[in-house]
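Please open the structure in your viewer and keep the selection tool at hand. The tour goes from one selection to the next and says what is there at each stop.

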Amino acid sequence: MSKLFGLSIEDKLATTHFEVDEKPHIWIKEQEICRKCVNKPCQVGCPARLYRWNEETGEMLYNYEGCLECGTCLLICPHDNVHWSYPSGGMGVVYRFG
Amino acid sequence: MKEVGYKFDVIVVGAGPAGSAAAYTLAKKGFKVLLVERGRVPGSKNVFGGRVYADPVGEVFDGLDGAPIHRWVTRERISLVSGGEMSSFEFRGSKRTSFTTYLTELAGWMARKVEEAGGVVLTEITVDGLVVEGGRVTGIRVGDERLTSDVVIDAEGINRLLLERAGLVPKLSVRHTGLGVKEVIKLQRDRLEDLFGLEGDEGMAWLMLGDVTDGLPGGAFLYTNRDSVSLGLVIALGDAVKEVGRHVSRYVEALRLHPLLRRYLRDGRIMEYSAHLVPEYTWPDLPHLLYTDGLLVAGDAAGLLLNLGYNFRGVDFAAYSGYLAARAVERAHEMGGMTSENLAIYRDLLEESFVLRQLRKFRRAPRMRENRRLYGAYPGLVNAIMDQLFNSPYETPKVMEALRRAREGRIGWLEMVRDLLEMVRSV
């Protein structure tokens with residue numbers, strides 16, 4: 001049961017069912033390219049907020065586990081730097097309502 | 001690569017509305033059909049806004065007898081939102097034309113129909129590629145196994161990775177795509193009916209334009225299900241990339257917490273958060289690929305969805321295109337094989353049907369929706385007029401006077417006339 005106000009993205013993702021695959025279906029091809037990317041649209045465009053820029057290490061952190069499988073990151077990356085495929089059979093998001 | 005011994009007449013990729021419609025239609029006709037789905041169950045990767053137009057889907061699936069229908073949409077509300085103000089137009093009809101449901105439930109029901117008709121439905125199978133031999137699609141590849149068929153119907157959905165991998169279509173472009181983000185919020189059934197003034201199985205579709213998307217092209221929606229609402233928004237991705245100022249999940253959050261909406265949702269709890277892309281092609285770009293030797297493409301994978309800005313039609317377009325793909329296979333079979341020449345009948349069938357007729361008729365709609373004034377200036381204008389007409393303590397202005405005042409600083413006459421003409425031509 002989740003309350004309705006003051007929800008973080010983690011709270012919201014907790015309402016969605018996932019079967020987490022052992023092997024990721026998303027990865028960043030070259031961290032160097034993210035370092036040079038000016039806008040980093042993946043940070044705001046991914047509805048699950050799976051991409052987070054780490055200023056200290058200069059790395060784009062990403063997490064495939066809460067992926068809603070919309071495909072937005074693949075399209076909005078200006079440098080075609082996201083590898084994205086469908087998770088293996090039965091894995092990934094399991095929408096119960098859709 | 002291992003060849004799996006059994007050969008199917010038809011392999012359908014994706015058990016969404018398009019795939020199941022194709023598989024069901026062909027299985028009924030006696031074709032040996034395999035429907036493969038990567039999700040745990042059919043429908044578990046599908047997301048929609050919230051409503052389905054019944055007749056086209058019923059034409060494919062036996063009048064929808066036994067289908068999971070939540071509510072029949074008899075109330076249509078369209079609201080223009082600016083700041084804390086909102087002007088709404090509401091139509092209360094009496095016909096049962098479209099209904100709300102959960103797409104996962106509906107797609108599950110469709111896939112069960114496929115099995116009842118003798119089709120084989122395999123879930124938890126992610127197809128890795130199409131097998132293309134000498135320019136002809138001859139089957140699918142799953143891991144290092146290969147399944148062959150006379151024809152493959154690709155209903156893999158909007159991301160159409162298989163078509164891209166086979167080099168049959170270019171990478172999907174942000175220009176042709178919207179992002180939909182949605183929450184399903186549980187409410188007590190009687191509370192929901194009270195809040196929205198619904199009786200029995202009546203439902204409401206509510207569209208909101210304006211600063212619910214921060215002025216970005218797109219809109220917000222609310223559909224009433226049996227005992228929940230589907231609340232979300234669609235943002236045209238082309239613009240979102242450049243201008244989304246805050247995280248997209250924040251837009252839905254802001255929508256749910258909007259002063260004008262929160263009273264409806266106060267007692268609710270979120271049951272699911274979801275996101276999905278929406279095809280937004282313009283005729284005649286559309287579609288990139290409908291058929292080739294040994295292959296037909298249906299549903300979102302072919303970009304077949306109608307977005308008018310005030311209404312969306314995706315599920316019925318998908319199901320009907322799947323149905324027409326099946327009929328094309330039947331005809332090509334009679335003509336002697338699944339060649340590109342014979343399968344071209346698919347395009348003719350689509351052209352003759354409401355699917356491409358509608359997409360052609362509304363070909364200007366996507367461009368019209370790019371007009372920012374629809375999401376900023378006009379909602380503000382309408383609300384400013386209403387404010388003057390109803391909130392003038394002593395002297396109510398004439399309508400034209402209110403319009404003139406509301407218009408100042410917002411929009412020029414010439415722009416207004418031009419927009420009006422464009423709107424009339426587009427929708």
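How much area is buried between chain A and chain B, and what share of it do carbon and sulfur atoms give? About 4,200 Å² is buried there, with carbon and sulfur atoms giving 58%, where buried area is the accessible area (1.4 Å probe) that two parts lose on being put together, summed over both. This is a predicted model, in which local features need pLDDT of at least 70 and side-chain atom pairs count only at pLDDT 80 or more, while totals for chains, interfaces and linings use all residues. Residues are numbered from 1 along each chain as its sequence is written, chains are lettered from A and ligands numbered from 1 in the order in which they are written, and side-chain values use heavy atoms, with hydrogens and water left out.

**Chain A**

Select chain A, which has four helices and six strands; helices (H or I, at least four residues) and strands (E, at least two) are DSSP runs, numbered from the N terminus.

**Where the chains meet**

Now show both chains together: 43 residues of chain A are in contact with 55 residues of chain B, contact meaning heavy atoms within 4.5 Å. Seven salt bridges are found across this interface, each being a side-chain nitrogen of Lys or Arg within 4 Å of a carboxyl oxygen of Asp or Glu. To look at a salt bridge, select A:Glu19 and B:Arg40, whose side chains meet at 3.3 Å, N to O. On the side of chain A that touches chain B, α1 (9-13), α3 (42-45), α4 (72-76) and β6 (92-94) of chain A each supply at least two residues, and α4(A) gives the most, with four.

**The nonpolar cores**

Next, select B:Ile140, B:Ile153, B:Val329 and B:Tyr346, which touch the most other members of the largest nonpolar core, a set of 80 residues. Such a core is a set of buried Ala, Val, Leu, Ile, Met, Phe, Trp, Tyr and Cys residues joined through side-chain atoms within 4.5 Å. Helix α9 (residues 315-335) of chain B gives the most to this core, with twelve residues. A second, separate core of 65 residues includes A:Met60, A:Tyr95, B:Val81 and B:Phe196.

B:Asp316 counts as buried because its relative accessibility is 2%, and, not counting residues up to four places away in sequence, B:Asp316 touches B:Tyr53, B:Pro56, B:Val57 and B:Phe354.

Then move to B:Arg369, in the loop between α13 (365-368) and α14 of chain B. B:Arg369 counts as buried because its relative accessibility is 8%. Beyond its neighbours within four places in sequence, B:Arg369 has contacts that include B:Pro217, B:Glu280 and B:Tyr375. B:Leu308 is 61 residues from B:Arg369 in sequence, with 8.2 Å between their C-alpha atoms.

**The last helix of the tour**

Finally, select helix α14 (residues 377-390) of chain B, whose 14 residues reach 20 Å from first C-alpha to last. Among its buried residues are B:Tyr378, B:Leu381 and B:Ile385, and what covers the buried residues of α14(B) includes β5 (71-82), β13 (202-210) and α16 (413-426) of chain B.

Conventions. Expected span 1.5 Å × (residues − 1). Buried < 20%, exposed > 50% of the residue type's maximum accessible area, 1.4 Å probe, protein only.
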